[in-house]
Amino acid sequence: MKLLEYLSDPTLRGLVLPALLAALGIAALNALLSVAVVLKRLAFIGQGVSHAAFGGVGLALVLGLFAGGASDAWGTAVVAAFCVASALGISWLSERGGGRPDTAIGIVLSVAMALGFVLHRVAADRAAAAGETAPPGLESLLFGSVLGVSNGDAILAWAVALAAVVALVHERRRMVFWAFEPSAAQAFGVSERRERNALLLLIALAIVVSVNLAGIVLATALLVIPGATALLLTRRLWWTFALAMVVALIGTCVGLVVSFQADLQPGPSIVGALALLYGGAMLIRRAA
């Protein structure tokens, strides 16, 4: 197996090990949120915020703050602020628009992506005119470059994952109550707006890390497929979270192995592995 060969090679280990650790950190972070995302039907919001990251990346590129990768601290901060603003904008437009989140998502997604494409072109033309290095291509924004991450990027991914664990543990009773029993939660004084905005902020944070390291497509898949797969197999609370984590980690490992063996991009390979796991869960559900 090439992945094990690379990890055992002292020369290649420095390239492969950070990528593996970062990918697993991203998987763990998104798996924690995917159950609530699926239960609250926020999958499209996750997709909207992840694609809105185009706008943040475009803005950071024009400001000369982003070269691709989580190690670009100021550029990452701009993307994070843009994603958070997009998530809160979706929430605000949903409330002002009569409770139609799909309309709000469509507006924010299309405007942010259009802005991102325009600003990316502006940054590329400016770099070409100045004889500077061209900004990361649109393909790298869609599918990321897990193999280009550093040890610092891997540490960041796990640090954000641990921060999300702390936040979810702190909010666990209210968040779980709101996710599984929304009507009863409101009757007991749990604020739907507060919990929704808290979840949206965590989603935005997860997307920023995932997009910088693994691309928009993988960020969206990890926010949806692990939770959807787990909910096909069980409705017991902690089993659902545990299964979502297992699905995300297995899908990531299998996808990376396939990408090394077949010389494919890691992002699409991981998405394919997650899709197969979801298909397997569907078959198990039908057979039960």
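Predicted model: local features only at pLDDT ≥ 70, side-chain atom pairs only at ≥ 80, totals over all residues.
Helix 11 covers residues 216-233, and helix 13 covers residues 266-287. Their axes lie 9 Å apart, and the packing angle is about 15°. Since angles under 35 degrees count as roughly parallel, that makes helix 11 roughly parallel to helix 13.

Who meets whom there? On the helix 11 side, the residues in contact include Val-217, Leu-218, Ile-225 and Leu-232. On the helix 13 side, among them are Gly-267, Ile-270, Leu-274, Tyr-278 and Arg-285. Sorted by kind, the residues of this contact come to 18 nonpolar, 2 polar and 1 charged.

Now let's stay with helix 13 and bring in another partner, helix 12, which spans residues 237-262. Here the angle is about 130°, and the axes are 7 Å apart. Helix 12 and helix 13 are therefore oblique to each other. And the hand of this one? The crossing of helix 12 and helix 13 is right-handed.

In this contact, helix 12 contributes residues including Val-247, Ile-250, Gly-251, Val-254 and Ser-259. They meet a set in helix 13: Pro-266, Ser-269, Ile-270, Ala-273, Leu-274 and Leu-277. The tally for this contact is 11 nonpolar, 5 polar and no charged.

Next, two single residues. Is Arg-286 buried or exposed? Arg-286 sits in helix 13, and it is exposed, with a relative accessible area of 69%. Arg-286 and Leu-232 are 54 residues apart in sequence, yet their C-alpha atoms are 9.7 Å apart in space.

For the other residue, please look over at helix 2, residues 10-39, where you'll find Ser-34. Ser-34 has 0% relative accessibility, so it counts as buried. What does its side chain reach? The side chain of Ser-34 comes to 3.0 Å from the backbone nitrogen of Gly-227. Leaving aside residues up to four places away in sequence, Ser-34 touches Leu-222, Leu-223, Val-224, Pro-226, Gly-227 and Ala-244.

Definitions and conventions: Residues numbered from 1 in each chain as written. Heavy atoms only, no water. Axes fitted to C-alpha atoms, helices over the stretch in contact; angles between N-to-C directions. Helix = DSSP H or I, 4+ residues; strand = E, 2+ residues; numbered from the N terminus. Parallel < 35°, antiparallel > 145°, perpendicular 65-115°, else oblique. Contact = heavy atoms within 4.5 Å. Nonpolar A, V, L, I, M, F, W, Y, C, P; charged D, E, K, R; others polar. Left-handed = near helix turned anticlockwise from the far one by under 90°. Buried < 20%, exposed > 50% of the residue type's maximum accessible area, 1.4 Å probe, protein only. Polar contact = N/O pair within 3.5 Å; in protein donor to acceptor, adjacent residues only side chain to side chain.
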